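Dear colleague,

Here is the structure I said I would pass on. My notes on what I found follow below it.

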Amino acid sequence: MLEIKGLKKKFNDNQVLDGIDLTIKKGDVIGVIGPSGTGKSTLLRCINFLEIAEEGYMKYTDDLDSNNVIEINFPLKGENKKNSKEFVKKTGMVFQNFNLFEHKNTLKNVMSGLTIVQKKNKKEAKEIALKELNNVGLLDHQNHYPRHLSGGQKQRVAIARTLAMKPEILLLDEPTSALDPELIGEVLTTIKDVASEGYTMILVSHEMDFIRKVSNRVIFLDNGHIIEDDTPENVFQNPKNERTKKFLAKMNMLKDAEYII
């Protein structure tokens, strides 16, 4: 589905991504872990073209139509710029800080991308939006404005808005980091439900127990390199790299712990 080779991104003299190679198959739920500042969020933002890589290659292939292929070579010039716009349509991003429109109610927030980006009529957009709000348990909050919602509810609205666009690849960037501890569970439950529906997901999170529970692959990113890429069981219980072992030891993850919903 998605192939990434040699992806590099720097900010000034800081090489944040330094040759990322990653292959993602349809239905993969990939948990991305690692210390702060090591490029986890930057990787997602490069896949979604919110940041532009300086070097590397990305290729999207539609599993249902092998002729539907989008290839991007960096630096981004000429035909690659046009291709990047098509590439972005395949992805959906859930951010740390919700990014809801404060002047729109919940329903209109979810409808916004459908009407503005996908040019759907209001009737169809409303039907889709109501369905997704129901899926995240917020149908009865459709007329609420963001200021009337808890942090967990705002993030669930943001997830519904992203899912309404029917992305092929769902990117979640620390979706619980802005939440109070008592609100984290409701968002993680929603993400777990989404993963169970077969979505292809890349999830950056410090919720280690949840990453282990929901992912079928875990990658450990350090200093812009993927130094571990394996099953959750192998990464958390038998990591190969010493850097991974030290990180998990500090996170108290080299033990049998479970995130329980």
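**Helix packing around H5**

H3 passes H5 in a right-handed crossing (a crossing is right-handed if the near helix is turned clockwise from the far one by less than a right angle, and left-handed if anticlockwise). Helices here (H or I, at least four residues) and strands (E, at least two) are DSSP runs, numbered from the N terminus.

Before the rest, two notes on where the values come from. This is a predicted model, with residues numbered from 1 along each chain as its sequence is written. Local features need pLDDT of at least 70 and side-chain atom pairs count only at pLDDT 80 or more, while totals for chains, interfaces and linings use all residues; side-chain values use heavy atoms, with hydrogens and water left out.

Back to the first pair. Helix H3 (residues 106–116) and helix H5 (residues 151–164) pack at an angle of about 30°, and their axes are 8 Å apart. That makes H3 roughly parallel to H5. Axes are lines fitted to C-alpha atoms, for helices over the stretch in contact, and angles run from 0 to 180 degrees between N-to-C directions. Angles under 35 degrees count as roughly parallel, over 145 as roughly antiparallel, 65 to 115 as roughly perpendicular and the rest as oblique. On the H3 side, Thr106, Asn109, Val110, Ser112 and Leu114 meet Val157, Ala160, Arg161 and Ala164 of H5, where contact means heavy atoms within 4.5 Å. Sorted by class, the contact of H3 with H5 has five nonpolar, three polar and one charged residues. For these classes, Ala, Val, Leu, Ile, Met, Phe, Trp, Tyr, Cys and Pro count as nonpolar, Asp, Glu, Lys and Arg as charged, and the others, Gly among them, as polar.

H5 also packs with H6. The axes of H5 and helix H6 (residues 181–196) come within 8 Å and cross at roughly 20°, so H5 and H6 are roughly parallel to each other. This crossing of H5 and H6 is right-handed. From H5, the contact takes in Gly151, Gly152, Gln153, Gln155, Arg156, Ile159 and Leu163; from H6, Leu183, Glu186, Val187, Thr190, Ile191 and Val194. The residues of the contact of H5 with H6 divide into six nonpolar, five polar and two charged.

With helix H4 (residues 122–135), the axes come within 9 Å of each other and H4 and H5 cross at roughly 135°. H4 and H5 are therefore oblique to each other, and their crossing is right-handed. Ile128, Glu132 and Leu133 in H4 meet Ala160, Leu163 and Ala164 in H5. That contact of H4 with H5 has five nonpolar, no polar and one charged residues.

How is H5 placed in the structure as a whole? Of its 14 residues, 14 are buried, so H5 is largely enclosed by the rest of the structure. Buried means under 20% relative accessible area, exposed over 50%, and partly exposed in between (1.4 Å probe, protein chains only). The length of H5 agrees with expectation, because at 1.5 Å a residue its 14 residues should span 20 Å and its end C-alpha atoms are 20 Å apart; the expected span is 1.5 Å times one less than the number of residues.

**Helix H1**

Six of the eight residues of helix H1 (residues 40–47) are buried, so H1 is largely enclosed by the rest of the structure. The buried ones are Lys40, Thr42, Leu43, Leu44, Cys46 and Ile47.

**Backbone points to check**

Most residues other than glycine have a negative phi, and most peptide bonds are trans. Some places here depart from that. H1 is followed by Phe49, whose phi is positive, near 60°. Asn223 has a positive phi near 50°, sits in the loop between strand E9 (217–222) and E10, and counts as exposed at 58% relative accessibility. Phe74 and Pro75 are joined by a cis peptide bond, with omega about 5°, and Pro75 is in the loop between strand E5 (65–74) and helix H2 (79–88).

**Ile227**

Ile227 is in strand E10 (residues 225–230) and is partly exposed, with a relative accessible area of 25%. Not counting residues up to four places away in sequence, Ile227 touches Phe220, Asp222, Asn241, Arg243 and Thr244.

Regards
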